[in-house]
Amino acid sequence: MNLYQMTIENLEKYFVNIGEKKFKATQVFEWLYQKREENVANFTNIKKEIRERLEKDFTTDLPSIIKREKDVDVEKFLFLLRDGEKIEAVLMRHNYGLSICVSSQVGCNMGCKFCESGRLKKVRNLSADEMVGQILAIEKEIKERISSVVIMGIGEPLDNYENVIDFIKIINHPKAIAIGARHITLSTCGIIPKMKSLSEIPLQINLAISLHASNNELRNKLMPINKGYPLPDLIEAIKEYIAKTNRRVTIEYILLKNVNDSTFHAHELANLLRGLNVYVNLIPYNETNHIEFKKSEKKNIDLFYQTLKEEKINVTVRREFGSKISAACGQLRSKEV
Ligand code: SAH
């Protein structure tokens, strides 16, 4: 086990099991996340025997940064994991602070037709410490604090549910990195049963759904997951999620030239979403090696946006980041092997 994969509850259980007081868990969190001490031997307010026991039971290594590439307001970090696998995370500078886009799996099995990251089939899930580690390693490298986290890198987070939830609990904890739940966004292609589980845990995080199509037939062509969890069921699941959590959901919609970007599609999307507490985030497509997909022209993006506005749907266009260094959505790991 790695110490950074432990939620406070699990660490408390561990201490109780070895006949120690629960509050030791808080002390460990303070060392790891507030003092950023990676070496258990230096946890000086904890008895030597306990430190030795911790060293016996846990490792504390973090993923290492092996490459850093910069573009305007964005940087991409390549990480080496302990078994030799590699993943990427992206740091973005906004006027409101720093955000990081973390990966949740090595590769991805969802097979979305337009996404480069999905070309590499899933090798394995990331453990919670490998996700926490992306944040800690980047903060250490840049000597600044990150204020928001999006789980939108490589992988499908709801296909790695338990570890992703532990990761969220750890970074959200006030004694750990203390990133507010409202500053954490999980993006999914729509694994319905896991959306239900997510709605039942009391974490006020943001949920984003990669919708990308305004009807079932089109979504089937773009996203294989739609065969298992079709669009009408997904819309129903979003409705239930909103009813249960009282939270607004983000709908992600990539604009693909001549595929889903006409005013017909905009009206269809508006009809699909009418009455739901959602807002649509339009994503200009980042071109990849999938030559069949092209970015929509600016005028079509504007028209799509205007049409949704007129239909009284809340909508924004996602700011474009990092396509030069292949750090943009859907481009991660397109250059690294
Ligand atoms: N698996 C999760 C999270 C990873 S993808 C999900 O599907 O939501 C993060 C977002 O980037 C998703 O909305 C994804 O569909 C989108 N994306 C993938 N390829 C893209 C590309 N080439 N250009 C723009 N967005 C892309």
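I sorted the shell around the ligand by residue class and counted nine nonpolar, nine polar and two charged residues, where Asp, Glu, Lys and Arg count as charged, Ala, Val, Leu, Ile, Met, Phe, Trp, Tyr, Cys and Pro as nonpolar, and the others, Gly among them, as polar. The model is a predicted one, in which local features need pLDDT of at least 70 and side-chain atom pairs pLDDT 80 or more, while totals for chains, interfaces and linings use all residues. Residues are numbered from 1 along each chain as its sequence is written, and side-chain values rest on heavy atoms, with hydrogens and water left out.

I then looked up which of the 20 residues around the ligand come nearest, and found S187, S210, H212, Y285 and N286 (near means a heavy atom within 4 Å). Strand 8 (184-188) and strand 10 (249-255) each supply at least two residues of this shell; strands are DSSP runs of E with at least two residues, helices runs of H or I with at least four, numbered from the N terminus.

For polar contacts (N or O atoms within 3.5 Å), I noted a polar side-chain atom of E156 at 3.1 Å from a ligand nitrogen, and polar side-chain atoms of S187 and of H212, each 2.6 Å from a ligand oxygen. The ligand taken alone exposes 530 Å², of which the protein buries 96% (Shrake-Rupley method, 1.4 Å probe).

Lastly, I searched the whole structure for aromatic pairs and found seven (ring centres within 6.5 Å; planes under 30 degrees apart are stacked, over 60 edge-to-face, the rest tilted). The rings of Y14 and F58 have centres 5.0 Å apart and planes at 70 degrees, so this pair is edge-to-face.

Notes
A polar contact is a pair of N or O atoms within 3.5 Å; within protein, one must be able to donate a hydrogen and the other to accept it, and residues adjacent in sequence count only if both atoms are side-chain atoms. Rings of Phe, Tyr and Trp (its six-membered ring) pair if their centres lie within 6.5 Å; planes under 30 degrees apart count as stacked, over 60 as edge-to-face and the rest as tilted.
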